[in-house]
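Work through the exercises below with the sequence and the model open beside you, trying each task before reading its solution.

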Amino acid sequence: MKIPPVKGTRDFYPPEMAVRNWMIDGWKKVSVRNGFEEYDGPIFEYLKMFQIKSGDEIVEQLFSLQDRGGRDLAIRPEITPTLARMVNQQINSLPRPIKWFSVPRLCRAERPQKGRLREFFQWNIDIIGVDSSVADAELIFTTIDYLRMVGLTPKDIQIRISSRKLLAAVLLSVGISEDDLDVLYALLDKKTKLPAETFEQMLLEKVGEQAKADEISSFMAVASIDEIGQAVTMDSDIERAVVELETVFASLAVMGVAEYCVFDPSIVRGLAYYTGIVFEVHGATGELRAIAGGGRYDNLLRDFGGPAISATGMGMGDCVLELLLREKGLLDSQLGKRRLDYFVTFADKLFGGTMYEVAAELRSRGYSANFSYKLGGLSKQLKEASAQNAAKCIIIGQEFAESNQLAIKDMTTGEQELVDYGAFLSGLEPRDT
Ligand code: HAM
């Protein structure tokens with residue numbers, strides 16, 4: 001009986017694994033050059049940890065289980081709650097600001113579709129302990145730093161930025177009560193995912209009055225920060241939120257990435273814990289779901305029983321990013337092909353043992369080396385070397401018995417030379433072992 005893989009999961013055969021490693025290496029490289037340190041946590045946590053502040057949507061998507069002691073656990077659908085828990089645990093000894101990154105494997109019980117799976121990898125960068133909007137700008141910069149490194153231009157992607165503070169101030173000014181904000185955020189977050197009429201209908205049902213619904217809709221459709229005043233009646237809270245947004249855009253301009261960034265008041269974010277600047281990265285055509293999303297979450301550490309310390313962060317999944325990079329032809333051109341340093345062959349079966357010895361010697365010196373298991377003729381061995389993309393072949397023949405010499409064949413030029421085995425080994429550049 002053949003058992004298929006579970007729907008929404010992926011098997012990583014070597015070509016897929018090469019893509020995954022390339023992507024993760026890039027995430028790590030960009031994190032480090034932007035001053036972040038790596039952390040990780042367990043892949044499962046107490047179920048209640050994800051029920052505290054992540055929001056209904058993610059709670060509905062939990063893979064949960066019970067341990068033998070009857071404790072309710074869940075596989076992590078995101079790492080932000082774990083981060084809050086870990087930081088709270090050592091809050092008095094951790095030097096601040098905390099700039100940490102992680103690449104967790106996450107599971108969400110979603111209906112699998114293009115770019116949305118039930119198991120995926122997600123790059124996370126978070127800055128904890130910095131109130132200033134410079135931290136928000138820095139996160140957005142780091143996100144762009146990676147996307148730009150892999151070849152995506154402002155023509156390909158857009159960072160859509162808004163503010164929960166601004167949205168809250170607008171909703172309160174329209175007459176929505178503080179208690180209804182969270183429910184309304186969840187609906188507004190779905191605006192672009194629902195047909196316009198359905199959305200308008202649902203909004204009206206939630207807010208009760210057409211005039212309120214219209215004011216909210218006209219704010220959500222504003223095209224630039226300057227136009228906010230035309231859509232809503234300004235008050236001091238709205239004013240403050242606007243100034244904060246303008247500061248973030250000014251910092252992004254100083255950092256040289258303004259071209260990638262736009263103000264978009266329809267960005268709300270699905271997770272419940274965001275409190276300030278929020279942003280999402282989308283492909284310019286807008287067909288795919290978000291490549292990344294994040295924002296400020298100043299109350300999460302406190303909600304997890306810690307002190308009131310501000311935080312801001314970003315998560316980028318591997319699935320949509322891969323689709324976009326493939327679509328733009330940016331993946332194959334950047335993926336390093338597997339390259340073997342040496343393929344060791346023999347011209348005579350007599351030297352089979354020496355072949356293993358030479359391969360083992362090269363490997364112990366940090367060079368990748370393979371040989372054929374088939375004990376076939378030289379031409380067959382050379383074919384196998386080409387199939388494995390070997391840079392050079394070592395051919396062990398009669399000269400080895402006579403004068404300790406090997407033939408080294410350059411697989412690119414086809415040139416071949418005889419060298420003394422001892423001199424060859426001592427001439428090898430030292431490699432990390
Ligand atoms: P999120 O918006 O839920 O945020 O996820 C961020 C990104 O992860 C999405 O834009 C998407 O690329 C990817 N992603 C999410 N769900 C799936 C899925 N089922 N399949 C494939 N990719 C997916 C968070 O998770 C926040 N914790 C990010 C964050 C960190 N905020 C502050 N710090």
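A residue is called buried under 20% relative accessible area, exposed over 50%, and partly exposed in between (1.4 Å probe, protein chains only). The model is predicted, so local features need pLDDT of at least 70 and side-chain atom pairs count only at pLDDT 80 or more, whereas totals for chains, interfaces and linings use all residues. Residues are numbered from 1 along each chain as its sequence is written, and side-chain values use heavy atoms, with hydrogens and water left out.

**Exercise 1.** Determine which strands pair with E11 and whether E11 is enclosed or open.

Solution. Strands (E, at least two residues) are DSSP runs numbered from the N terminus, and two of them pair if DSSP finds at least two bridges between them. E10 (residues 277-283) is joined to E11 by 4 bridges and runs antiparallel to it, with Val-278 opposite Gly-295. E12 (residues 311-317) is joined to E11 by 5 bridges, also antiparallel, and there Met-316 is the bridge partner of Ala-292. Because 5 of the 5 residues of E11 (residues 292-296) are buried, this strand is largely enclosed by the rest of the structure.
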